[in-house]
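Good morning, colleagues. Please look at the sequence and the model on the screen while I describe its strands and one of its helices.

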Amino acid sequence: MPAGFPGFPSEGIAFLRSLAKNNRREWFQPRKHIYEEKVKQPMIELVTRVTHAMIEFAPEYVVEPEKAIFRIYRDTRFSKDKKPYKEHLAANFNVRGMAQGHGGYYCSVSHKEVAVGGGIYMPEPAVLLAIRNHIAENHKELRRILANPKVRRLLGEMQGEKLTRVPKGFACDHPAADLLRFKQFVLYVTLPPEIAISPNLYQEIVDRFRAMVPFLRFLNAPLPKEKKIDARDLLA
């Protein structure tokens, strides 16, 4: 399979822009074929190429593209916002064979921006405690990972909600106090929307995914390991 991706067709991004102004079923349904051809299919092609690249640096995250891509339909059952459709298309790459909870990769495309990130967004209490214990014992390693020039240049600083104080069970003067206050552990960046229609899109995503490998493996180290499956078999 060729390594690159030509970018989304301009018609696909125009569709998402129009959808943001006309987020109604009666508008979407007559134009669903445009979504399928100009948005969904290019996203499948992009994710397919990204997953092939990941075989070389993050094989534990390689999944079938259709399983990585989120549906465009919103679940509005418990939301005051009853718009039926998302106004972006996104993909999430989780550790293969494991329940959600491990650190993963994320990318999305809309008419407003391209987003690329990774980490653990809303860990369960047991997962959060395991990560904090791991940080407490290995904070120097995490600081080295986050200070890497490529990580800083491509992804910036670690983001996420924080506690106002060091969590219970850890000393207030712990050398990792600033890191232990995090409730989420995320590297995330937004790129200009014109990247979406550029052949550079594929490489912008892959470069950032590759740079995040040490970060995600650090977060996942104290968590249960994935089942061993040959990534190449999934994309054969």
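Strand 1 (residues 88–93) and strand 2 (residues 104–110) are joined by six bridges in the antiparallel sense; strands count as paired here if DSSP finds at least two bridges between them. Within this pairing, Asn 92 has Tyr 106 of strand 2 as its bridge partner. This is a predicted model, in which local features need pLDDT of at least 70 and side-chain atom pairs count only at pLDDT 80 or more, while totals for chains, interfaces and linings use all residues. Residues are numbered from 1 along each chain as its sequence is written, and side-chain values use heavy atoms, with hydrogens and water left out.

On strand 3 (residues 114–120), strand 2 again pairs in the antiparallel sense, over six bridges. The two form a hairpin with three residues between them, and Val 109 stands opposite Val 114 of strand 3. Helices (H or I, at least four residues) and strands (E, at least two) are DSSP runs, numbered from the N terminus.

How many residues of strand 2 are buried? Six of the seven are, buried meaning under 20% relative accessible area with a 1.4 Å probe, protein chains only.

I turn to helix 1. Its buried residues are Gly 12, Ile 13, Phe 15, Leu 16 and Leu 19. Seen down the helix axis, they fall within an arc of 150°, so they line one face of helix 1; the arc is taken from the directions from the axis to the C-beta atoms. These residues pack against helix 2 (25–28), helix 3 (32–57) and strand 2, contact being heavy atoms within 4.5 Å.

Note on methods
Buried < 20%, exposed > 50% of the residue type's maximum accessible area, 1.4 Å probe, protein only.
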